[in-house]
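Student: I have a structure to study. Can we go through how its parts get their labels?
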Amino acid sequence: WKLTKTVLPQHTDHAGVMWHGSYFNFLEEARIDALDKVGITYSKLSNEGYEIPLVSARIKYKKSFKHGEIILLSTQFEVVNKFRLNCKTLFIKENGEIGAEALIELVFVRKKNDSIKLVRQLPAEIEKIFLLLEEGPES
């Protein structure tokens with residue numbers, strides 16, 4: 001899954017270098033965009049009582065991005081244990097160099113009343129969406 005972003009002033013620190021917190025915003029936007037591309041919006045999932053919260057994140061920063069640079073985010077999804085979704089994202093510079101690598105782990109939960117419970121068996125329509133994410137756009 002691919003998403004192109006431009007580093008804007010609000011993404012940078014005072015030196016014009018992309019701030020570490022902006023990486024997380026881009027990662028979330030890439031995941032939401034991939035969901036949209038397989039036919040479901042995150043807001044629809046949320047309105048149905050489901051969420052996909054982040055439970056682990058690791059980013060390796062290799063080369064900084066500066067204000068005005070174009071970044072290609074390339075994300076691969078992997079369904080693990082039927083309820084965990086791993087996302088590996090590369091932040092790629094225009095010259096093809098990898099500026100950062102991220103590994104994000106998410107789980108699928110159901111919000112009901114005031115409780116949040118891990119969903120260990122995905123509903124069929126959600127499982128289909130997860131598998132579409134895992135297959136990637138070329139399939």
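**Helix H3 and the sheet**

Tutor: This is a predicted model. Start with the cover over the buried residues of H3: it includes H1, helix H2 (42–47), S4 and S5.

Student: Which residues of H3 are called buried, and by what cut-off?

Tutor: Buried means under 20% relative accessible area. In H3, Ile126, Ile129, Phe130 and Leu133 are the buried residues, so each falls under that cut-off.

Student: Why do we say the buried residues of H3 line one face?

Tutor: Look down the axis of H3. Its buried residues fall within an arc of 100°, so they line one face of the helix. An α-helix has 3.6 residues a turn, so residues three or four places apart point the same way.

Student: What does the face of H3 turned away from the buried side carry?

Tutor: That face carries Ala124 and Lys128, which are exposed. Exposed means over 50% relative accessible area.

Student: How do you know what span to expect for H3?

Tutor: Take 1.5 Å times one less than the number of residues. H3 has 12 residues, and 16 Å is expected. From first C-alpha to last, H3 reaches 16 Å, close to that expected value.

Student: What makes S5 and S6 paired strands?

Tutor: Pairing needs at least two bridges. Nine bridges join strand S5 (residues 84–92) to strand S6 (residues 98–107), so they pair. They run antiparallel. Phe91 stands opposite Ala100 in S6.

Student: What is the strand order in the open sheet?

Tutor: The order is S1-S4-S5-S6-S3, with antiparallel pairing.

Student: Why are S1 and S3 at the edges?

Tutor: Strand S1 (2–6) and strand S3 (54–61) each have a single partner strand, so one side of each lacks a neighbour in the sheet.

Terms used
Residues numbered from 1 in each chain as written. Predicted model: local features only at pLDDT ≥ 70, side-chain atom pairs only at ≥ 80, totals over all residues. Heavy atoms only, no water. Helix = DSSP H or I, 4+ residues; strand = E, 2+ residues; numbered from the N terminus. Buried < 20%, exposed > 50% of the residue type's maximum accessible area, 1.4 Å probe, protein only. Arc of directions from axis to C-beta. Contact = heavy atoms within 4.5 Å.
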